[in-house]
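I opened this model to look up helix packing, disulfides and confidence. My notes follow.

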Amino acid sequence: MMKHAILAGALAVAAAAPAAAEVVATGEDSFVTQDTARVAASPRQTWMALIKPGDWWNDSHTWSADASNMSLVPSAGGCFCEKIPGEGDIPLDGSAQHALVVQAVPDKALRMRGELGPLQAVPATGVLTVTLSEIDGGTRIDWEYHVGSVTGFDIDVIAGAVDGVMTQQLRGLRDHLGALDGEDEEQDAEDAPEDEDEPAEED
């Protein structure tokens, strides 16, 4: 019951996020999501922003409801973690591990293993790879999340929900750095749903 409640919450928040980029593959218990953004910043500036998720991660996708509690240690074995401030007369802080860094190549690539959001509640596996490439006028950010061993969820439903959330985080990083000229308009056009003859059904 708990994991279904968590999924319902993720779906509700994902519905308010920008349309997902793409779920590029699904299997019986696995899926892959991909997204890309272009920013008006050098690879070094992009890297420095990437490793400070508290500046651009969405508050709605944290356990503490405040992204400033998030931190990332950009070296192998480093934690992408979150402090959960305690409450009451004698507050005791909690914490959450979102992912562990398995590869960090400054200005080029960051790879982490972790089960983000609702996936933390099930025995899934996830690998997020963020690749930075220098382009004319800035940096291209490629964002790919491989998830396997997913149980207890309809794979298409959970893949769509996770994809929407991941896209929202990349948009946050893009907007924090500044989109390359025309990037936000082009991406919005790509993400916009195609016109249909029949009205879409409500969720």
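**Helix packing**

I looked up helix H2 (residues 43-50) against helix H3 (residues 155-177) and found them packed at about 125°, with axes 11 Å apart. Helices here are DSSP runs of H or I with at least four residues, numbered from the N terminus. Axes are lines fitted to C-alpha atoms over the stretch in contact, and angles run from 0 to 180 degrees between N-to-C directions.

The model is predicted: local features need pLDDT of at least 70 and side-chain atom pairs 80 or more, while totals for chains, interfaces and linings use all residues. Residues are numbered from 1 along each chain as its sequence is written, and side-chain values use heavy atoms, without hydrogens and water.

I noted H2 and H3 as oblique to each other, because angles under 35 degrees count as roughly parallel, over 145 as roughly antiparallel, 65 to 115 as roughly perpendicular and the rest as oblique.

For contacts (heavy atoms within 4.5 Å), I listed Gln45, Thr46, Ala49 and Leu50 of H2 meeting Leu173, His176 and Leu177 of H3.

**Disulfide**

I searched the whole structure and got 1 disulfide, meaning a pair of cysteine sulfur atoms within 2.5 Å. It joins cysteine 79 to cysteine 81, S to S 1.5 Å. The link of cysteine 79 and cysteine 81 is right-handed, with 55° about the S-S bond.

**Confidence**

I read a mean pLDDT (the predictor's confidence in each residue, from 0 to 100) of 85 for the protein, with 80% of residues at 70 or more.

Technical notes
Helices (H or I, at least four residues) and strands (E, at least two) are DSSP runs, numbered from the N terminus.
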